Amino acid sequence: MTFDRIAVVGAGAWGAALANAAARAGRQVALIARTPDAVASMRGMRESRRLPGVRLDERIAVTDGGAELGAADAVLLVVPAQALRSAASALTRAIRPGTPVIACAKGIERGTRKFMTEVIAECAPEAVPAILSGPSFAADVARGMPTAVALAARERKTAEALARALGSPTFRPYHTTDLRGVEIGGAAKNVLAIGAGIVAGRGLGASAAAALTTRGFAELMRFGKAYGARSETLTGLSGLGDLILSCSSPQSRNFSLGVAIGKGEEPAAAAHGALAEGAFTASVLIDMATEQRIDMPVAAAVAAVLDGTLSVDTATEALLTRPLRGE
């Protein structure tokens, strides 16, 4: 099982980064942009508008799709979580039956409460759904900085083959068959990273940040186990690893959103035009937790701040005055 021809759908920062990673792994890569203007710009400048200053590998063909999708052995679907349904639907007539389609978004679809591979299975039923997630910033991956991620597919041989196809000395995908664990880790950590940013923006100190990250991870574990994830996945790269990265760096858009909110900005404007997936995931995460009676006070506080139900100070006080309990 080989995947020599890789199509990357989505030419933003993360799409450009993964295209570079696939090219470094020796694959034939087509980077598919949404508009003719974007194609022309990237062909001329050899960089994504979302990732200025980072050059696209010369081996990457920038295109608007078409024949490249039909010829692809695997597709990386690199669009935001809430846009994945429309992107996956557009693939269904273009790809060959049995082609792996790898979701590279970290979120849960609002309204349907579906995970990313469930959306792919529904919209492109002849595709093989897979998921890639883990502690990674686009700029690091694009520049070839050492990075490790998790890559899951239902069949072990498929996951292994995809990991071999994308892997290189600087980009290491660890394979698994635990689709749900990889998806939950990426989705839940984004919400918790907003909370960590609020702590930083409010100046509550490093001890508070450590407490929030640790207790937040306990919530992630509870949610994951309730929805069928494996413990080893949640404590691995796509769970704990990504949580540590996102809760500690301003490079994280979710953390940066939280910092702005902690400094007093209104949640609706605090992202400053950047996409913070956790802002869309928070409410559905809490709805799903409530349905399964999962206690997630940190994530619930973040969701309440985002929707304006609680102020930052009230949410903080509510967390600090919860009854003392055993760990």
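Predicted model: local features only at pLDDT ≥ 70, side-chain atom pairs only at ≥ 80, totals over all residues.

**Stop 1: two helices crossing.** Select residues 277–291, which make up helix α13, and residues 297–306, which make up helix α14. They pack at an angle of about 120 degrees, and their axes are 9 Å apart. Helices α13 and α14 are therefore oblique to each other. Their crossing is left-handed.

Now show the side of each helix that makes the contact. On α13, pick Gly278, Ala279, Ala282, Ser283, Leu285 and Ile286; on α14, pick Ala299, Ala300, Ala303 and Leu306. Colour them by class and you'll get eight nonpolar residues, two polar ones and no charged ones.

Stop 2: Jump to residues 156–166, helix α7. How many of its eleven residues are buried? Eight of them are. Highlight Thr158, Ala159, Glu160, Ala161, Leu162, Ala163, Ala165 and Leu166 to see them. What do the buried residues pack against? Show helix α1 (13–24) and the strands β4 (74–77), β5 (100–103), β6 (128–133), β7 (147–153) and β8 (171–176).

**Stop 3: a loop residue.** Finally, click on Ser168, in the loop between α7 and β8. Is Ser168 buried or exposed? Its relative accessible area is 12%, so Ser168 is buried. Leaving aside residues up to four places away in sequence, Ser168 touches Arg24 and Ala25.

How values were computed. Residues numbered from 1 in each chain as written. Heavy atoms only, no water. Axes fitted to C-alpha atoms, helices over the stretch in contact; angles between N-to-C directions. Helix = DSSP H or I, 4+ residues; strand = E, 2+ residues; numbered from the N terminus. Parallel < 35°, antiparallel > 145°, perpendicular 65-115°, else oblique. Left-handed = near helix turned anticlockwise from the far one by under 90°. Contact = heavy atoms within 4.5 Å. Nonpolar A, V, L, I, M, F, W, Y, C, P; charged D, E, K, R; others polar. Buried < 20%, exposed > 50% of the residue type's maximum accessible area, 1.4 Å probe, protein only.
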